[in-house]
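Grab your viewer and a pencil.

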Amino acid sequence: MPVRTPDPDPNERDDENAPRDPLGGLSGGPLGGGFGSPGPGSASNPGWLSEVELAEARRRMPMLYVEAVPVRVDGMGAVTDVGILLRATPVGEITRTIVSGRVRYGETIRDALFRHLENDLGPMAFPLLPPQPLPFTVAEYFPMPGLSAFHDDRQHAVSLAFVVPVTGTCEPRQDALEVTWMPPQEAASDSLSAEMEGGRGTLVRLALASVGALR
């Protein structure tokens, strides 16, 4: 089964149904495009890439992503639950995953994290992001299997991965169908790892180990 991770940005739209992500993925297609976006080099979206340009960029250079493992913590700061997403892929497959997406041209890492957390978990998730977030690891996704624990058949992607506490109500949207909260031991289990795409089960285990949540 082909795996497409980290997840492409969805074709995000604002309340007027106007595209708002210049690097948004083309709905139903394997490559990110700018479906409905202005042409490349426009003043409003100088970093926008057409479908052909994005394919060429992916062929020539690594793409930068952020990923987030959402968690809930107790009063002492210990992780009590991990949020795992159920997501529909562009080819109609259902898979388990985490929050993920590309970093826009001119966008800070913190802003990219906040944007993707809001896109996947909803505006009331209230993620706790420090002024300068530090990743717990850097994951390298390769189109060639076997080079690392992570695989993406579209591209070479470099992903900064974060553990992010959320304090509000999560209402998944975009192509995230639901979020399942589970204890750390279940989130790190072999059975769940087998359901996750692109080696993300390994990423969840690394995340939990980095905050001392694995016993």
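The exercises go from the overall layout down to single residues.

A word on the ground rules: this is a predicted model, where local features need pLDDT of at least 70, side-chain atom pairs count only at pLDDT 80 or more, and totals for chains, interfaces and linings use all residues. Residues are numbered from 1 along each chain as its sequence is written, and side-chain values use heavy atoms, with hydrogens and water left out.

**Exercise 1. Work out how many helices and strands the protein has, and in what order they come.**

Step 1: take helices (H or I, at least four residues) and strands (E, at least two) as DSSP runs, numbered from the N terminus. That gives five helices and eight strands.

Step 2: walk along the sequence and you read α-β-β-β-β-α-β-β-β-β-α-α-α.

Step 3: look at contacts, meaning heavy atoms within 4.5 Å. Of those between residues at least 6 apart in sequence, 64% join residues at least 24 apart.

Step 4: check burial, where buried means under 20% relative accessible area, exposed over 50%, and partly exposed in between (1.4 Å probe, protein chains only). Buried residues account for 47% of the 215 residues.

**Exercise 2. Find which partners arginine 200 has in salt bridges.**

Step 1: set the rule, a side-chain nitrogen of Lys or Arg within 4 Å of a carboxyl oxygen of Asp or Glu. The count comes to nine salt bridges.

Step 2: one partner is glutamate 67, with the closest N and O atoms 2.4 Å apart. This pair links distant parts of the chain, since arginine 200 is in helix 5 (residues 200–210) and glutamate 67 in strand 1 (residues 63–73), 133 residues apart.

Step 3: glutamate 197 also meets arginine 200 in a salt bridge, at 2.8 Å from N to O.

Step 4: now the burial. Arginine 200 and glutamate 67 are both buried, and glutamate 197 is buried as well.

**Exercise 3. Say what the salt bridge between glutamate 195 and arginine 96 ties together.**

Step 1: the closest N and O atoms of glutamate 195 and arginine 96 are 3.6 Å apart.

Step 2: glutamate 195 lies in helix 4 (residues 190–195) and arginine 96 in strand 3 (residues 94–97), so the bridge ties together parts that are 99 residues apart in sequence.

Step 3: the two ends sit on either side of the burial cut-off. Glutamate 195 has a relative accessible area of 42%, so it is partly exposed, while arginine 96, at 16%, is buried.

**Exercise 4. Track down the ring interactions: which residues form the aromatic pair, and which charge sits over a ring?**

Step 1: rings of Phe, Tyr and Trp (its six-membered ring) pair if their centres lie within 6.5 Å; planes under 30 degrees apart count as stacked, over 60 as edge-to-face and the rest as tilted. Searching the whole structure turns up one aromatic pair.

Step 2: the pair is tyrosine 141 with phenylalanine 150, tilted, at 5.2 Å centre to centre and 40° between the planes. Both tyrosine 141 and phenylalanine 150 are buried.

Step 3: a charge sits over a ring if NZ of Lys or CZ of Arg is within 6 Å of the ring centre and within 35 degrees of the ring normal. Here the charged end of arginine 72 sits over the ring of tryptophan 181, 4.4 Å from its centre.

**Exercise 5. Explain why the buried residues of helix 5 line one face.**

Step 1: list the buried residues of helix 5, namely Arg200, Gly201, Leu203, Val204, Ala207 and Leu208.

Step 2: look down the axis, using the directions from the helix axis to the C-beta atoms. The buried residues fall within an arc of 160°, so they line one face of helix 5.

Step 3: zoom in on alanine 207, which at 1% relative accessibility counts as buried. Leaving out residues up to four places away in sequence, alanine 207 touches Val69, Phe136 and Val163. Alanine 207 and valine 163 are 44 residues apart in sequence and 6.2 Å apart in space, C-alpha to C-alpha.

Step 4: after helix 5 comes glycine 212, with a positive phi near 70°.
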